[in-house]
Every structure is written in structure tokens, then in C-alpha cells.
Amino acid sequence: MTILCRNEIDIIESNIRTHAVLGVDGFVVMDNGSTDGTREKLEQLKTEFDLMVIDETGVYQQAKWMKRLMYLARDKMGASWVISNDADEFWIPKEGTSLKEHLSHSDSVVTVKRSNVLLTEDVLKDDYHFSKARYCVEYPICYDKQAELEGAHTAMFFANISPKVIVNPYGFIKISGGNHRAKHIAKTFTARNEHNIRVFHYPIRSWKQFEANIKHRQTLLKYPKARMGDHYRRWVKLYEQGMLKEEFERFVLKENQIQVFEQYGIIKDIHLNDVIFSKSNKFIR
């Protein structure tokens, strides 16, 4: 597994511990100048896991950097498949199975569905940990591009998000920014979708983490060639207008809202407390 991270201290350890249990043999992690203790945590984790850490302080270039990590995973770790991951994404296989059980050596590019994990009022408690989150979006809302950028009542958690890919590094050509697609010499014949693995996405885990992330995105957007999803452009604009806190509060679902969304199958209970590690090598229960 390859991971590109910056200031992910609240989630990076859980990510690595969880995926190691689920069948990932090794990790190549690029740290892009973390200042919150993420880099030091990675150094600690190297004593427990087959983990290579690369320091990169240049201007953010996700696709280029993930391609570099793909080659390192292949050439230095002998990887047969590479999951190009983000620190806030957890690749969860069907209960009772490992990730490897759903992959074949004949695979070139395996595409996996991804779902946003939602915030409830628990996020407002002091002892909240992201692994306590109970619900994900099962059927997203298809907002148009203008609504995603400027809609006053748009709830970005419910927007449709792109899938992710697992790639056989032998024959790999390039991967897209966001790790949503990949080019491979055998893709025409052996690419497929895998429905027994789902990526659970935890993009927002607290107000503090959300605000810090958007401040950083604002800095990145000042570069002339910056490439970034519409949701981040929306949130940077709201931050500059002093309305980001209102956007965060709109993410937090009330109990009556949860009941309605469940009734119509828009969200579902995910029961991941026994799958995703919290800090200190323990599960949240």
C-alpha cells in the first residue's frame, strides 16, 4: 500500500494498523512536510511494520508522487498489487476475508466503490474518535457541478464520489490525480470491478481537522497549476467568506434526519468499530 500524507496524526496510525490486519504486507508512505507529529509517528511504526517513509517537501503533485511510490512498492518491496491510498481511506473487504482473497495475479486494474462516512452529533463530544462513526452514504445525490461549487443547501457528504483502484504494478503506466483511474498495458483485457471490497472515506473527522485542512488547501490553490476537486474549491471559498463553520455544522446529522435517510436507504449502518483500529493498538467499542 502506498500513502501520501501531510498532517494526519489523528488517523495515520489507525490506517496502517487496520490495513496490516486486513492483509497488506508493506507500506510506502510519502510525508509532505507534516508538522503535527505525523512524521514522528511513522518513524515509530517502522519498528512494527514493513514500512518505508519518503520525505517530499516540494509543491503538491499527487499523480506524479503516487507514480513514484508505485514503482518503489514494486521495486523495493516486491509488491504484486498496489493500493494507492489516502490516509483518510480504509479499504474494507467482505467480513471474514482479507483483501488478497479478492485479487488475482491476472488482474491489471481493479476498481472499488468508495463511500463517504457521515458525521453525527457524537462528533461534538470531547472524546470522539472517527472510528465511532456509524453511517455511510449508500446512494449519493447527483448534484450538478454548479451546485457542488456554490449551492447554498448542497451537502457535500452526500455528493457522488469517484471510485479508487488497486493496480498490478507490472505493466503499470500512470495513475490519475486522486487515484481514481490508472493506465495499464493489459487494462483492456483484465480490468474489472470488485464488489467485495469497499473504500470507506473519512474526509472530515472534527472541526479542528477540517479547518486546518482547508487552510492548507487555500495555500495549494495559489499555485497556477493547482488541480483540486470541486468540493475543496467550494470549501476554500466558504473559508474565505467566513462561512466554513456553517458548512461543518451542516454535515452533522441529527437523529431525526438519520431516521429519514435510513428509511429511504440513502445511508446505512456500517458497524466498523471492530474493524478499524483506534489509537494505542485497540478497537473502539
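Start by selecting helix H1 (residues 12–21) together with helix H2 (residues 38–45); in this predicted model, the two pack at an angle of about 30 degrees, and their axes lie 10 Å apart. Angles under 35 degrees count as roughly parallel, and H1 and H2 are therefore described as roughly parallel to each other. If you look along the line that joins the two axes, the crossing in which H1 passes H2 is right-handed.

Next, show the side chains where these helices meet: H1 contributes Ile12, Glu13, Ile16 and Arg17, while H2 contributes Thr38, Lys41, Leu42 and Leu45. Coloured by residue class, the residues of this contact divide into four nonpolar, one polar and three charged.

Now turn to the sheet, which is open and consists of eight strands in the order E3-E2-E1-E4-E9-E6-E12-E5, with mixed pairing. Its edges are strand E3 (51–55) and strand E5 (89–93), each of which pairs on one side only. From one strand to the next, the twist averages 30 degrees.

Finally, select E5 with strand E12 (residues 192–201): the two run antiparallel and are joined by five bridges. To place one residue pair in this part of the sheet, pick Trp91, whose bridge partner in E12 is Val199.

Definitions and conventions
Residues are numbered from 1 along each chain as its sequence is written. This is a predicted model: local features need pLDDT of at least 70, side-chain atom pairs count only at pLDDT 80 or more; totals for chains, interfaces and linings use all residues. Side-chain values use heavy atoms; hydrogens and water are left out. Two strands pair if DSSP finds at least two bridges between them. Helices (H or I, at least four residues) and strands (E, at least two) are DSSP runs, numbered from the N terminus. Axes are lines fitted to C-alpha atoms, for helices over the stretch in contact, and angles run from 0 to 180 degrees between N-to-C directions. Contact means heavy atoms within 4.5 Å. Angles under 35 degrees count as roughly parallel, over 145 as roughly antiparallel, 65 to 115 as roughly perpendicular and the rest as oblique. A crossing is left-handed if the near helix is turned anticlockwise from the far one by less than a right angle, and right-handed if clockwise. Ala, Val, Leu, Ile, Met, Phe, Trp, Tyr, Cys and Pro count as nonpolar, Asp, Glu, Lys and Arg as charged, and the others, Gly among them, as polar.
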